[in-house]
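Reader: I would like to go through this model and ask what stands behind the terms used for it.

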Amino acid sequence: MPAFKRIEFSSPSLSFSKTTVQVDVLEKSPKEVTRVSWSVEGKPFYGTDCAKCFEEIEYSTARTSIYRKDGLELASPEHLAPVFLMWPGRSFNVNVVGGEVPMMDGSAVKFLFGLRRSAGVPEELDFYDAPVKAAWEFGYGCVRISPCEAFEVDYILDRPDFGGFKSAESVSIYSAEDLYNVFDARTFIFESDLKKAREAGLLSGVDETCGMVLGAGDERAYRVHQEPARHKILDLLGDLCFVRPALPKVRIEIVNGGHAVHRQILEKVLPYAVR
């Protein structure tokens, strides 16, 4: 068994005042198949070296991605999973204590900074061909997918029901460097949505350190340009690369997407991801 360095992250999660995820950065070994191995409370859940097993996992959404298998539940991996894109040639063991990945500051950047000292210099990203052409509409938005030479996203959030809120960003990802500004974007919720969620007994774990609560004119609070749209791109990356730390060669245009829409996109590219 290769030696490893364990990094532990703890913070509130969506449901709990404190949760923990342990990430073992394994030493590189020519005898070992590279993979990200996810466990819940020390019990094996999913390994990216067996991507064809991914379709056996049940999926649902509740302001986050939730995976269930064999009586185990793993929630909120979408901010951690994209970080493994940085090191496709390395192996990691991930153990989610309590079943929910901690929110940290609502972005991926603290996971990145915590891992890179042990994992080393980011590597060349792994891409796979996904000759997908598809387009569809839903009640409040639309999606279009087309083949591309790398991974590109145009993401638009247009919410007239929240005081005309709008955020839009375009990102082209060719290298690890292109991921940094996406990783730094924090999750967000509108003030009225947070109130409704709390009244319904949801989001009981989160506090002001876990992301942004947005009201009118809160663009001044952004720490990266068009932070809400960038965070939606981070969520998309996490929902796509939980299967394996690689990106499809596609261009995706989304208006008013979310985890459920991201899942529909994944289903289009999944046959190429698991080959």
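Reader: Which helices and strands each supply at least two residues of the lining of the largest pocket?

Author: The model is a predicted one. In it, the strands β12 (151-159), β14 (188-190) and β15 (212-214) each supply at least two lining residues, and so do the helices α3 (191-199), α4 (227-241) and α5 (259-273).

Reader: What makes a residue part of the lining of the largest pocket, and how many residues line it?

Author: A lining residue has an atom within 4 Å of a point of the pocket. For the largest pocket, 37 residues line it, and R63, T187, F188, I189 and K232 lie nearest its centre. The volume of this pocket is about 910 Å³. By class, its lining holds 17 nonpolar, 11 polar and nine charged residues.

Reader: Why is the other kind of space called a cavity, and what volume has the largest cavity?

Author: The largest cavity has a volume of about 30 Å³, and a search of the whole structure finds one cavity of 30 Å³ or more. Its lining consists of V36, W38, T48, A81, F84, C241, F242, R244 and P245. Seven of these residues are nonpolar, one is polar and one is charged.

Reader: How do you know that β6 and β7 are paired?

Author: Pairing needs at least two bridges between the strands. Four bridges join β6 (residues 65-69) to β7, so the two count as paired, and they run antiparallel.

Reader: What makes β5 and β7 edge strands?

Author: The sheet is open, with three strands in the order β5-β6-β7 and antiparallel pairing. Both β5 (58-61) and β7 (72-75) pair on one side only. Neighbouring strands of this sheet are turned by 20 degrees against each other on average, direction ignored. Helix α5 packs on the sheet, where it touches β5 and β6, and its direction makes about 145 degrees with that of β5.

Reader: Which strands pair with β16, and in which sense, parallel or antiparallel?

Author: Strand β9 (residues 127-129) is joined to β16 (residues 247-255) by three bridges and runs parallel to it; D129 stands opposite K249. Strand β12 is also parallel to β16, over six bridges, with R251 as the bridge partner of E152. Strand β11 (residues 141-147) pairs with β16 in the antiparallel sense over six bridges, and P147 stands opposite V250. Each of these three counts meets the requirement of at least two bridges, so each is a pairing.

Technical notes. Residues numbered from 1 in each chain as written. Predicted model: local features only at pLDDT ≥ 70, side-chain atom pairs only at ≥ 80, totals over all residues. Heavy atoms only, no water. 1 Å grid on protein atoms, 1.4 Å probe; cavity = no way out; pocket = protein on both sides within 12 Å on 5 of 7 lines; lining within 4 Å. Points joined across faces, edges and corners; volume = space filled by probe spheres on them. Nonpolar A, V, L, I, M, F, W, Y, C, P; charged D, E, K, R; others polar. Axes fitted to C-alpha atoms, helices over the stretch in contact; angles between N-to-C directions. Contact = heavy atoms within 4.5 Å.
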